[in-house]
Amino acid sequence: MARISLDLAHSYKPNPQQDSDYALLPLKMEFEDGGAYALLGPSGCGKTTMLNIMSGLLVPSHGKVLFDGRDVTRASPQERNIAQVFQFPVIYDTMTVAENLAFPLRNRKVPEDQIKQRVGVIAEMLEMSGQLNQRAAGLAADAKQKISLGRGLVRADVAAVLFDEPLTVIDPHLKWQLRRKLKQIHHELKLTLIYVTHDQVEALTFADQVVVMTRGKAVQVGSADALFERPAHTFVGHFIGSPGMNFLPAHSEGDSLTVAGNRLASPVGRALPAGTLQVGIRPEYLALAQPQQAGALPGTVVQVQDIGTYQMLTAKVGEHTVKARFTPETRLPSAGDTAWLQVLGEHTCFYKNEELLA
């Protein structure tokens, strides 16, 4: 296992001149030994580029990669002792499950008794003990991907295991089983695991720390709670949550705050910088208020949807659409009615130039 430190940038162009020329903008990041991390973001944000730099498949155009303080920037994946699991299963169809799992160990001339013992441990973790003598060719896609996961985990001395969207080909109802299994394996083996995904549910349920990325930049690293409660960047607010955080334009001046064209008193005990801001509030924290209540804004109800476990109210506040989640028992106004929504409160976040104000 290893502590991985990055201090680098990467461009696929020979002479990058502007931010858009970089696949990864300059960053400094550390992945602790034995941690479970997810790299989360939309397609093209730099997740796989970062993963391939860590694995040694790609050399960064600027900067360096350290494993436990040792410079491995130009070292191969074999020299780094990295295991990587890809989006599509990489297995040998003509081999049995046991032979596939044993392959990385036999390549390293591990004694047969140790191979048998280690394969047995990993097969039990993956719930494949009963399939060890079965040829891989006849297995379903999820079982083949479990073999790929097992081959990444079978080496006890591996520095880190890197996963590049490994559950993409798996049926949705089986994904939660494999995520649960990966989480369990991490707790048992204490390996350094780094997992690339664009699925926030995968990232938040698997990782202890999530790195949220956009446009080649890591905009926040934190736990699921931190990303939800205090998004450090407006992109994180948009991307995390279903639906994402509501954002309304605001202007601060003295002790007053104008939000979406409505003048409100600034929150008590909160010093806001003068100028243009954005107010962010999760749909879960928007509440119905009395008319003219402090910190509340009027909105015209556009739609009320019964989702089953909750109700979703969509309203227009000036020209801006906001969404609010309520329990099934809440009595909500109908479409076309005016609803007063409590925007300012303990869960309200304020942003300037897309970044959270402390």
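How much space lies in the largest pocket? About 500 Å³. The model is predicted, with local features needing pLDDT of at least 70 and side-chain atom pairs counting only at pLDDT 80 or more, while totals for chains, interfaces and linings use all residues. Residues are numbered from 1 along each chain as its sequence is written, and side-chain values use heavy atoms, leaving out hydrogens and water.

A pocket here is an open set of points on a 1 Å grid over the protein atoms alone, where a 1.4 Å probe fits, with protein on both sides within 12 Å along at least five of seven lines; lining residues have an atom within 4 Å of a point. Its volume is the space filled by probe spheres set on the points, which are joined across faces, edges and corners.

The largest pocket has 22 lining residues. Nearest its centre lie Ile 82, Ala 83, Gln 84, Arg 151 and Arg 155. Helix H2 (77-80), strand E6 (82-85), helix H3 (97-107) and helix H5 (141-153) each give two or more residues to this lining. Helices (H or I, at least four residues) and strands (E, at least two) are DSSP runs, numbered from the N terminus. By class, 12 lining residues are nonpolar, seven polar and three charged. Ala, Val, Leu, Ile, Met, Phe, Trp, Tyr, Cys and Pro count as nonpolar; Asp, Glu, Lys and Arg as charged; the others, Gly among them, as polar.

The second largest pocket holds about 160 Å³ of space. Its lining includes Asp 19, Tyr 22, Arg 215, His 233 and Glu 354. Three of its lining residues are nonpolar, three polar and four charged.
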